[in-house]
Amino acid sequence: MRISELLSKTAQTWPEVPYMYYEDDVISYRETDELVGELAEKLSAYGDYKGRFILLSSSNCPQFVIAYHAVLRLGGKVLPVNPRLAKEELEYIIKDACVPFSICLEGKGGAIAGEEVAKITFGKYSVVLKKTPEELITKKPFFPEDLSKVAVCIYTSGTTGHPKGALLTDEQLLANARMCHKGLDARSEGEVMVTVLPLFHAYAGTACLLMTLSCHSTMLIIENFQPLKVLEEMKKHNATIFLGVPAMYAVLANVEAPPKIPSWRICVSGGAPPPAVGGGEQLVIAGDLDDGGVGDDAAGADAGLLVDH
């Protein structure tokens, strides 16, 4: 099964279950599927996306999720990037993957090469579509193998040279999501995943966006990591699972007068175990989960129950 098919199937089976909480918005699987269809139809008027890598530059918001699924529905391959990348970094990726179009948030795509083709509105949301200048894609992409099963391409940070694109198939991504689902013993329709890690990264892209879809639960999408606000949003929406990195837990453990969140039962630390914290109430992490992940720090996550003491 492909990711695009799974979204449609989930929307038919669990139409009113929320897929996303974002600020005051509650977006069900049915509404998400409809918005994806609307965006895909409008995008199709500007070109052919089938088999091509489409750059997606966005912070955490519903537009990222809807555009991600819309590109897949059109037969394209999602290439998510950090919206803070410099112009030179973006140009290298665009040339390397022969990206014909880029999707970004309005007013946030200045560093992306190309002319603005259209501002596309779907429901209450909108994105900007940019067309890559011909001089940046003078040749068709050449790959030694058939890429028909590839769904997503995530570029490395390039710390040891030029960034390299990791090609991920629907099958690989969904298998990874199922492993996360099983390893965390996630409850169908019952989980609210805190999604404050960047969705353009392999960790959140799999363990939040796709794992949530695999167990037809809900993402609590938060754009920026502001510790007290994050905890307040978690309390408001009865969050159950927090996916983070060690530095986040160190900061959260030192928030003054944090709200009580009785629904919060599991936290996951990517890349390394969370640091030891002390004094007052604290997060106690126990157990270990290797999620068999893909990407820089999706693998080797530590998971455990939250307890007070």
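Modeller: In this predicted model, helix α1 passes helix α2 in a left-handed crossing. The residues that make the contact are Leu7, Ser8, Thr10 and Ala11 of α1 with Tyr29, Arg30, Thr32, Asp33 and Val36 of α2.

Biologist: How many nonpolar, polar and charged residues does the contact of α1 with α2 have?

Modeller: Tyr29 and Val36 belong to the α2 side of this contact, and Leu7 and Ala11 to the α1 side. Sorted by class, the contact of α1 with α2 has four nonpolar, three polar and two charged residues.

Biologist: At what angle do α1 and α2 pack, and is α1 oblique or roughly parallel to α2?

Modeller: Helix α1 covers residues 3-13 and helix α2 covers residues 29-43, and their axes lie 8 Å apart. The two helices pack at an angle of about 135°. Because angles over 145 degrees count as roughly antiparallel and 65 to 115 as roughly perpendicular, this angle makes α1 oblique to α2.

Biologist: Are the residues of strand β12 buried or exposed?

Modeller: Strand β12 spans residues 241-244. Ile241 and Leu243 point one way from the strand, while Phe242 and Gly244 point the other way. On both sides, all of these residues are buried.

Biologist: Which residue of β13 does Leu243 stand opposite?

Modeller: Four bridges join β12 to strand β13, residues 266-269, and these strands run parallel. In β13, Leu243 stands opposite Val268.

Biologist: Which residue in β12 is the bridge partner of Val194?

Modeller: Strand β10, residues 192-195, is joined to β12 by two bridges, and the two run parallel. The bridge partner of Val194 in β12 is Phe242.

Methods:
Residues numbered from 1 in each chain as written. Predicted model: local features only at pLDDT ≥ 70, side-chain atom pairs only at ≥ 80, totals over all residues. Heavy atoms only, no water. Axes fitted to C-alpha atoms, helices over the stretch in contact; angles between N-to-C directions. Parallel < 35°, antiparallel > 145°, perpendicular 65-115°, else oblique. Left-handed = near helix turned anticlockwise from the far one by under 90°. Contact = heavy atoms within 4.5 Å. Nonpolar A, V, L, I, M, F, W, Y, C, P; charged D, E, K, R; others polar. Buried < 20%, exposed > 50% of the residue type's maximum accessible area, 1.4 Å probe, protein only. Pairing = 2+ DSSP bridges.
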